[in-house]
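Notebook open, model loaded. I want to go through the salt bridges, the metal site, a sheet and the cores.

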Amino acid sequence: MPLLEPLAGTVPAVWEKLDDRFAGIRGDGRLERLWTGGRWLEGPVYSPAGRYVLFSDIPNDRILRWDETSYQISEYRNPAGNTNGHTLDQEGRLVSCEHGNRRVTRTEHDGSITVLASHRDGGRLNSPNDVVARADGTVWFTDPAYGIDSDYEGFKGSIEVGGCHVYRVDPDGTLAVVADDFNRPNGLAFSNDGSLLYVTDTEEATIRVFRVDGSTLSGGELFAECGNGAFDGIRLDSEGRVWGAAADGVHVYHPDGTLLGKLLVPETVSNLCFGGAKRNRLFLTATTSLYSLFTTVNGGPQPYDTTAT
Ligand code: MG
């Protein structure tokens with residue numbers, strides 16, 4: 001597979017402080033455009049063992065891999081089932097949401113692919129969008145209809161499961177609806193202690209927060225409303241702040257729901273993740289480009305951490 005043109009340049013990182021508690025949250029000033037040339041990029045995930053970032057180019061039906069050691073970029077999988085969101089599970093295995101195949105899959109250590117979820121009560125899922133895993137082996141994902149609205153991000157089709165829900169898959173394969181009152185659920189992330197689940201609704205331009213009661217959810221109150229576009233992916237930093245992808249960049253929220261400030265980005269941001277050996281490098285998928293910058297904060301815990309419970 002030929003390498004693609006790497007590192008498309010840098011742009012100044014612009015931070016917009018909206019609350020005094022945003023002080024100290026900064027980057028190194030340079031927003032690196034690591035690669036550009038995608039059509040609509042989503043779903044970055046950093047592999048600490050492989051030292052690469054995988055991300056989706058949904059309309060072009062491929063997963064790309066950016067190599068931290070060489071800055072080179074190449075195709076990891078093509079065709080890829082129009083993948084969208086990714087995460088790593090408690091064993092560091094890649095978990096992918098596939099619009100085109102209307103399923104959630106796991107790539108095993110030997111490279112084979114296991115289907116984690118594809119149907120509910122006989123109907124096909126819509127187009128799984130984003131996914132998070134827990135140390136207990138459960139996998140939680142959202143299932144809006146963006147991949148079946150048209151042929152652009154998958155295959156045009158109809159909703160067969162009664163709506164756009166949030167699901168949990170248990171290690172034994174059991175699939176359960178954990179929230180069914182969303183319009184278009186999209187990004188999701190657990191609080192660092194696992195007691196809360198944040199879920200965005202792109203159609204409502206909101207983040208809602210649920211209490212996690214074992215394997216079920218309760219609550220679901222409004223946590224934040226997006227002031228520019230709509231939220232897509234979200235991630236937490238080590239202090240529990242919620243970083244949300246939006247039209248003008250990344251919005252950073254205090255756990256109490258206050259918008260602390262923004263990182264402004266030249267392209268609409270779809271998703272983000274923290275990576276690097278110290279988890280202090282922010283990676284952004286933003287429309288046609290993959291960006292990164294080093295930050296003064298660190299990403300939150302992951303299910304594969306040796307300290308995870
Ligand atoms: Mg998404």
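Predicted model: local features only at pLDDT ≥ 70, side-chain atom pairs only at ≥ 80, totals over all residues.

Entry 1: I started with Arg 279, which is buried at a relative accessible area of 19%; the cut-off for buried is under 20%. I then looked for its charged partner and found Asp 305, with the closest N and O atoms 2.8 Å apart in a salt bridge. Arg 279 sits in the loop between β26 (271-275) and β27 (281-286), and Asp 305 is in the segment after β28 (289-294), so this pair ties together parts that are 26 residues apart in sequence. Asp 305 counts as buried too, with 18% relative accessibility.

**Entry 2: other salt bridges.** I noted a count of 22 salt bridges. I looked up Arg 51 next: its salt bridge goes to Glu 68, with 3.2 Å between the closest N and O atoms. The two are 17 residues apart, with Arg 51 in the loop between β4 (41-47) and β5 (52-57) and Glu 68 in the loop between β6 (62-67) and β7 (73-77).

Then I checked Glu 108, which meets Arg 93 in a salt bridge at 3.4 Å, N to O. Here the loop between β10 (103-107) and β11 (113-117) carries Glu 108, the loop between β8 (83-88) and β9 (94-98) carries Arg 93, and the separation is 15 residues. Glu 108 is buried at 16% relative accessibility, and Arg 93 is buried at 11%. Both belong to a salt-bridge network that also takes in Asp 89, Glu 91 and Arg 106.

**Entry 3: magnesium.** Which residues coordinate the magnesium ion? I found Asn 129 (OD1), Asn 186 (OD1) and Asp 232 (OD), at 2.1 to 2.2 Å. Asn 129 is in the loop between β13 (123-124) and β14 (131-133), while Asn 186 is in strand β18 (residues 185-190), so parts 57 residues apart in sequence are tied together by this pair. I wrote the donor spacing down as N-x56-N-x45-D. Asn 129 and Asn 186 are both buried.

**Entry 4: a four-stranded sheet.** I traced an open sheet in the order β4-β5-β6-β7, with antiparallel pairing. Its edge strands are β4 and β7, each pairing on one side only. From one strand to the next, the twist averages 30 degrees. Looking inside the sheet, I saw β5 and β6 pair antiparallel over 6 bridges. For Val 53, the bridge partner in β6 is Trp 66.

**Entry 5: nonpolar cores.** The largest nonpolar core has 22 residues, and Trp 243, Leu 263 and Leu 284 touch the most other members. Elements giving two or more residues to this core are β23 (242-246), β24 (249-253), β25 (259-264), β26, β27 and β28. The top contributor is β27, with 3 residues.

Last, I noted a second, separate core of 14 residues, including Val 209, Phe 223, Val 242 and Ala 246.

Methods: Residues numbered from 1 in each chain as written. Heavy atoms only, no water. Salt bridge = Lys/Arg side-chain N within 4 Å of Asp/Glu carboxyl O. Buried < 20%, exposed > 50% of the residue type's maximum accessible area, 1.4 Å probe, protein only. Donors = N, O, S within 2.8 Å, 3.2 Å for Na, K, Ca; no water. Pairing = 2+ DSSP bridges. Axes fitted to C-alpha atoms, helices over the stretch in contact; angles between N-to-C directions. Core = buried A, V, L, I, M, F, W, Y, C linked by side-chain atoms within 4.5 Å.
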